[in-house]
Amino acid sequence: MAGLAILCILAVVAIVAPWITPYDPNATDLNTVLLQPGAPGHLLGTDELGRDVASRLLVGGRVSLIAALQGTGIALVIGVPLGLVSGFFGAWVDKVIMFVTDALMSFPALLLAMAIAGILGPNLTNAMTAIGLSTAPRAIRLVRGSVLGIREETYIEAARSIGTPSYQIVFRHILPNVLAPLVVFAAILAGTVMLIEAGLSFIGLGVQPPEASWGAMLGSAFTYISRSPWLAVFPGVCIAISVLALNVLGDGVRDSIGKKVRR
Amino acid sequence: MTGAKDPLLNVENLRVEIDFNGAWVPLVDDVSFSVKPGETLGLVGESGSGKSVSAMSLMGFMGRQRGQRLSGTAAFQGKDLLRLNDRELESMRGNEIAMVFQEPMTSLDPAFKVGHQIAAGIRVHQHVTAAQAKEMAIEAMDKVRIPSARVRADSYPHEFSGGMRQRVLIAMAIANNPSMLIADEPTTALDVSVQAQILALLTEMKEDLGLAMIFITHNMGVVADICDRLAVMYAGQIVEEGDVFETFAAPQHPYTDRLLAAMPSIASRRGSLEWIPGSPPKPTDFPAGCRFAPRCRHRLDSCEQPTTLLEISPGRSNRCLRGNTWMEENES
Amino acid sequence: MTPTGISVSPALQEPKKLPAPAKRRVPLSGLLRSVGTRILRSLLLFVAVTITVFGLSALIPGDPAVSLAGEGATPEAIAAIRTQLGLGKPWYEQYFSWTNGVLHGDLGTSFFYHTPVSDLVMSRLPVTLSLALFAIIAAVVFGILAGLLSATRRGRLADKITTVISTVGIATPNFWVGMILLILFSLNWHIFPAVGYTPITKNAGSWFMHLVLPAIALAAAAGAELQRQTRSSVSEILSQDYIRTARAQGLTRRKVLWQRALKNGAPPLATVVGFQTAVLLGGSVVVEKVFSLPGVGTLAIDSVTLKDLPILQAVVLLNACFVIIINFATDLIYTVLNPKVRI
């Protein structure tokens with residue numbers, strides 16, 4: 001449950017970030033550019049435009065976490081209904097959905113997201129839509145797999161045999177049982193989404209300047225990597241800790257419900 | 001057959017303990033028995049009585065891992081099995097002592113052809129080429145009556161039925177001509193009709209090859225079929241040991257008596273099928289005195305004292321604190 | 001009772017799975033047929049992938065030609081793009097002429113470089129393939145070794161350390177690992193060159209040195225995933241009855257691990273390797289950028305910046321084809337390794 005604790009802290013920080021930043025995260029000060037961490041007044045130093053790194057990390061974290069939520073949300077909104085339909089109705093519906101899923105899974109998620117985001121135009125909403133679309137097939141597969149496991153259970157047969165309508169079986173019996181593996185999956189997917197978002201923002205397809213996200217901060221830090229290597233350290237550590245917390249949370253939930261869910 | 005030959009295996013004061021939340025708990029305690037060449041000893045008891053644990057510790061599968069410990073001796077051909085190092089243990093396993101397990105369905109490696117699996121065990125102990133080992137494997141399969149062994153050697157385990165798989169496991173066990181075979185409930189997981197065939201095969205093997213055998217079972221009927229002597233285990237200890245005929249005719253320990261009374265064939269002779277009320281104690285709460293006392297209908301206050309396995313006549317021992325005085329109560 | 005008697009490990013006390021019913025072996029023709037089905041499926045997937053890649057152009061907001069030509073483009077440039085994309089014709093005609101080109105190795109002409117896209121991609125491909133191959137080999141070797149180490153020392157210090165490292169490895173962005181490696185090994189200690197690439201045909205040593213850091217960065221996550229998979233499947237296999245049978249035959253711990261456990265664990269590992277190769281191909285895009293490797297990934301990033309649609313489509317299509325081929329190979333390996341799957 002260490003994962004949950006870290007996530008709660010991150011969430012609280014993300015929510016209150018705009019009010020606790022020591023400086024305006026976008027305020028440039030060309031007199032204090034590329035200050036080392038520990039410089040007076042700037043705990044983690046300043047970036048190439050003299051902006052306070054600590055403040056940008058706080059606000060950037062908010063952006064990164066919201067982005068992860070968005071991307072995961074889109075993937076689930078697309079994936080859960082299709083997975084339910086595919087698993088529950090089977091037959092040709094299942095075949096078609098699974099074929100499309102397989103086709104989409106032939107694209108490396110990062111590359112597909114990059115292409116979609118690049119074509120739609122660089123901004124965070126487009127990037128998260130692209131990531132959601134690229135990772136939705138995984139959600140479809142997971143939900144379908146869980147449904148297939150449950151569909152053959154005796155109580156579903158029983159419900160069917162007394163004439164319960166399909167939508168009622170899905171919502172009253174199947175969905176609640178899919179929920180547990182879905183929570184695990186969502187946590188781990190959120191971590192993956194965060195990593196993809198960091199990659200997209202790094203190459204300039206995510207949040208646009210002067211706004212910050214951890215990935216975008218790494219992107220601009222890269223330009224100054226030989227002069228100010230420390231700029232590259234903190235955002236990466238923040239991403240790693242967040243993704244780690246999500247993964248640990250997912251694994252913890254999985255272990256506690258004792259079910260196997262594929263990553 | 002008493003005293004005619006020196007024992008092949010002589011186990012004394014075997015004790016196997018596991019670390020249970022920081023305390024050492026004995027699974028098996030004060031176990032002593034011996035097996036002569038060519039003799040079959042039945043190790044009988046309920047689940048958890050320690051019969052498998054005893055056998056596993058002889059093979060080095062119990063008592064050596066972290067959180068487990070062993071004491072006592074197990075003299076076998078001039079060596080103490082409990083004190084072999086890893087290399088000695090590996091050269092003994094499958095070579096001098098072989099083992100057949102309870103679950104034929106899961107005891108064969110699904111990813112390798114059965115001929116290969118038998119041959120692998122041969123090549124560990126004998127300096128032969130792969131082709132020779134394969135021939136020897138086919139021979140062993142022939143010996144355990146697997147039809148068209150040469151073809152079947154190239155099949156995977158999932159292409160065999162349970163009984164055939166147990167035959168493969170027996171072929172594996174006898175492939176290196178061991179002097180002793182430990183069979184751990186080899187028929188329990190099989191269909192009744194197949195059980196009889198496997199028992200017949202084991203009997204044939206031990207007679208043809210002069211194998212000594214430790215036969216672990218909870219089934220008294222199987223003991224009567226295949227064993228020369230038996231040792232009855234209860235809660236980690238041997239409570240009675242003796243010749244099968246003598247013991248069946250006149251059990252010395254109340255637990256053995258109850259076990260026999262629970263056998264349908266004997267029960268019909270006595271008039272009623274009986275069972276033993278209660279359940280065996282867990283290793284964490286073995287009673288200090290007689291471990292069977294809480295379930296024994298002949299219990300006296302004196303049964304709270306520690307027990308020892310006493311020899312009552314050559315080859316027969318009994319752990320009951322009341323000796324055989326409890327028998328009179330049985331008649332009434 | 002469990003055949004091991006009473007065991008301290010809770011893993012051994014899990015209920016036994018019901019044994020599968022015995023099946024007759026499917027003859028070779030069945031194997032061939034299943035390979036045939038898989039080839040057909042891969043071809044269908046290829047068609048679906050071309051449709052998807054072609055469909056990307058439909059996502060372009062506004063008039064594609066104007067949008068792709070960029071601001072301040074001459075009407076001639078816009079008209080040229082309109083002609084190349086076949087805009088104005090029905091979409092299916094556009095698709096078929098595009099696919100026809102693809103099948104003949106014609107991936108269009110770059111808007112920016114004005115050279116055939118296939119030439120551009122082919123000149124960049126060796127870089128990316130070197131990197132990906134390097135990385136996947138590193139991930140497989142180190143991931144499986146670390147997983148075996150963990151599985152055989154479960155719960156002990158070596159297992160705990162390895163598992164912590166892999167848990168962190170999975171959570172770390174690969175390009176950030178690259179940046180940190182770059183800072184430490186190139187900028188600080190000058191052990192490896194920071195950026196650039198030398199073809200293996202020119203100087204194998206230099207080729208190797210340029211690829212070490214990016215390959216490590218790229219391999220980290222895949223290796224970590226493989227460590228986890230190896231650890232869980234091998235430790236499950238080691239607790240199986242058939243491993244005890246092999247040990248009872250006198251087989252050494254080492255033999256049992258390297259022959260029995262590895263072969264039994266190989267099918268799920270092959271699946272993970274397949275999936276991770278796909279992830280790795282995607283990840284190589286950003287890692288190439290960090291190390292300024294002139295590979296397909298860098299080309300793709302540039303094409304996004306330059307709105308060079310034909311290049312972007314070609315790169316995406318190429319990667320998807322690699323993934324389809326890898327998945328096909330994985331399936332095949334799975335079938336060959338697992339005697340029961342031959343249906």
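Predicted model: local features only at pLDDT ≥ 70, side-chain atom pairs only at ≥ 80, totals over all residues.

Reader: Ok. Which residues of chain B does UniProt list for "domain: ABC transporter"?

Author: Residues 9-260 of chain B, in an unreviewed entry. That span is 38% helix and 27% strand, and its end C-alpha atoms lie 27 Å apart.

Reader: And what does the domain assignment of chain B give?

Author: Domain 1 is made of 9-96 + 178-331, and domain 2 is 106-177. Taken over C-alpha atoms, the centres of domain 1 and domain 2 of chain B are separated by 30 Å.

Reader: How many residues does the contact take from each?

Author: It takes 13 residues from domain 1 of chain B and 14 residues from domain 2 of chain B. On the domain 1 side, helix H7 (residues 192-209) of chain B gives the largest share, six residues.

Reader: How do the residues on that side divide into nonpolar, polar and charged?

Author: The domain 1 side that touches domain 2 in chain B has 10 nonpolar residues, three polar and no charged.

Reader: What is phi of Asn177(B) near?

Author: Near 50°, which is positive, and the residue is not glycine. Asn177(B) sits in the loop between helix H6 (162-174) and strand E7 (180-184) of chain B.

Reader: Why is Asn177(B) counted as partly exposed?

Author: Because it has 14 other C-beta atoms within 10 Å, and the partly exposed class lies between 12 or fewer for exposed and 20 or more for buried.

Reader: What about Lys307(C), where is that?

Author: Lys307(C) is in the loop between helix H11 (296-305) and helix H12 (309-337) of chain C. Its phi is near 55°, again positive in a residue other than glycine. With 18 C-beta neighbours inside 10 Å, Lys307(C) is partly exposed.

Reader: Last one: which residues does the cis peptide bond join?

Author: Pro209(A) and Pro210(A), with omega about 10°. Pro210(A) lies in the loop between helix H7 (166-202) and helix H8 (214-223) of chain A.

Methods
Residues numbered from 1 in each chain as written. Chains lettered and ligands numbered in written order. Helix = DSSP H or I, 4+ residues; strand = E, 2+ residues; numbered from the N terminus. UniProt positions renumbered as here; feature names shortened; annotations may be inferred. Domains from an automatic or database assignment. Contact = placed C-beta atoms within 7 Å. Nonpolar A, V, L, I, M, F, W, Y, C, P; charged D, E, K, R; others polar.
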